Amino acid sequence: MSNFETHLKQNYIGGQWVDSQGGKEHQVISPSTEEATTTIVLGTAADVDAAVEAAKKAFVSFSQTSREERLELLNRIVEEYKKRIPDLAKSMAAEMGAPVSFAAAAQAPAGLGGFLGTIAALKDFQFKEQHGANTVVYEPMGVVGMITPWNWPLNQIALKVAPALAGGNCMVLKPSEECPGNATIFAEILDAAGVPPGVFNLVQGDGPTVGNAISSHPGIEMVSFTGSTRAGILVAKAAADTVKRVHQELGGKSPNLVLPDADLAAVLPPTVQGVLINTGQSCIAPTRILVQKEREAEAIGVIKAMFDGTSVGDPMTEGGHIGPVVNKAQFDKIQGLIQSAIDEGATLETGGTGLPANVNRGYYIKPTVFSGVTPNMRIANEEVFGPVATVMAYDTLDEAIAVANDTEYGLSAVISGDPAQAADVAPKLRAGMVAVNNWGPAPGAPFGGYKASGNGREGGLFGLKDFMEIKAISGIPA
């Protein structure tokens, strides 16, 4: 740990910790104290050039490694990662406000899960298939650029780095400048695990400079981005001139379709908690809760009790509370959306604008529930990214399905109720993932969405395939 403070202000390129070429210092503001917590150096296009050169050089040999060598490497990373979970948790608590208990129990292990899922997929992966007289082979893409967000930072890094390594690719990662420390620790983990120099490169920086340099770089064959739809569109435009593969995990506005005869006390807690966990900062948070009119009052009772029973507090303290949202911009946006729902005539059941009573600083949001929300309201259409649930009433199941699909997004959907009945509804929902009586991603299943929620999939077999090229070979013996 002695070099960690130094490493924070450096990039990891070609297996070495190096100073930025012309970068500027940037202070990360802690969302719980509103004071500086970490200082990094925002990199430059020259840093990206150096990282791409190191990756291209390493690709010559790393692309030729065997399945066994890659499995050994991934397993060594898992062992080194486990040792650093307490450090990773503290870093995320300070920088993005995930309570340290939650960060150690969920945030850091989510990254581990990405590696374990890829290891399982790689063990059985068919690198060569026969299709009639033709041989089809899966090969590495080349150099992959990765741009990751702050909300589940290690999960998003692992879901890109693990399959890229498994596929024989080399890479350049730009983590979010809102939550960069965990990526520095992650680079230390990969270094300790013996990832060959140049295979993995870390360049700290912001979107307009380093993100754009990665997206538009002629030496990068693929860019994988997780973040807002707005930023994802900019990445795709920047990538178009070099015709690289664009792989995107973007925003969501997930419905929670509560079936008419559901046992609300049993099925709502596991699905509605997805709006509270991580302070609502999940792209798959099922915030639009659709309830049949006759059951609305009963559902509000269950939901309100959950939100009223959720305490808010210091992320550096152990416990089951939720922390602040990541920064002032997010805080202001969420406050504005809560106010818009009040102004547009929704009923505020609990929560509302302003800080919770027990805090006097930090970007904390009151856990908030609205009922009487209609599809035309801003809060029904815009991604809130905070602990805010909206209850919408429906008459018929067909109407509920139509409202569930009435969004520009299509990342995920939740169904609360009888699984047998849910099996009939699930195919009608326009979303890349449907979870029944749960809200989280299923381990090993493909993660990704329809419509404005992105292109491509992450996790397990499908995530591995997305980081590979396909070659057809004809005229050789089968």
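This is a predicted model: local features need pLDDT of at least 70, side-chain atom pairs count only at pLDDT 80 or more; totals for chains, interfaces and linings use all residues.

Visitor: How many residues does the largest nonpolar core have?

Guide: That core has 86 residues, and those with the most contacts inside it are Ile 77, Tyr 81, Phe 115, Val 161, Leu 165, Phe 186 and Phe 200. A nonpolar core here is a set of buried Ala, Val, Leu, Ile, Met, Phe, Trp, Tyr and Cys residues joined through side-chain atoms within 4.5 Å; buried means under 20% relative accessible area with a 1.4 Å probe, protein chains only.

Visitor: Which helix gives the largest share of this core?

Guide: Helix α5, residues 100–123, with 9 residues. Helices are DSSP runs of H or I, at least four residues, and strands are runs of E, at least two, numbered from the N terminus. Another core, of 31 residues, lies apart from the largest one, and includes Ile 365, Val 388, Met 392 and Ala 400.

Visitor: OK, switching to strands. What's the order in the sheet of 7 strands?

Guide: The order is β14-β15-β16-β13-β12-β18-β19, in an open sheet with mixed pairing. Two strands pair if DSSP finds at least two bridges between them. The edge strands, each pairing on one side only, are β14 (347–350) and β19 (433–436).

Visitor: And in which sense do β14 and β15 pair?

Guide: Antiparallel, over 3 bridges, with β15 covering residues 368–371. Thr 350 has Val 369 in β15 as its bridge partner.

Visitor: Last topic, pockets. What lines the largest one?

Guide: It has 37 lining residues, and Phe 225, Gly 227, Ser 228, Arg 230 and Ala 231 lie nearest its centre. On a 1 Å grid over the protein atoms alone, a pocket is an open set of points with protein on both sides within 12 Å along at least five of seven lines, and lining residues have an atom within 4 Å of a point.

Visitor: Which element gives the largest share of that lining?

Guide: α9, with 6 residues.

Terms used
Residues are numbered from 1 along each chain as its sequence is written. Side-chain values use heavy atoms; hydrogens and water are left out. Buried means under 20% relative accessible area, exposed over 50%, partly exposed in between (1.4 Å probe, protein chains only). On a 1 Å grid over the protein atoms alone, a cavity is a set of points where a 1.4 Å probe fits but cannot get out, and a pocket is an open set with protein on both sides within 12 Å along at least five of seven lines; lining residues have an atom within 4 Å of a point.
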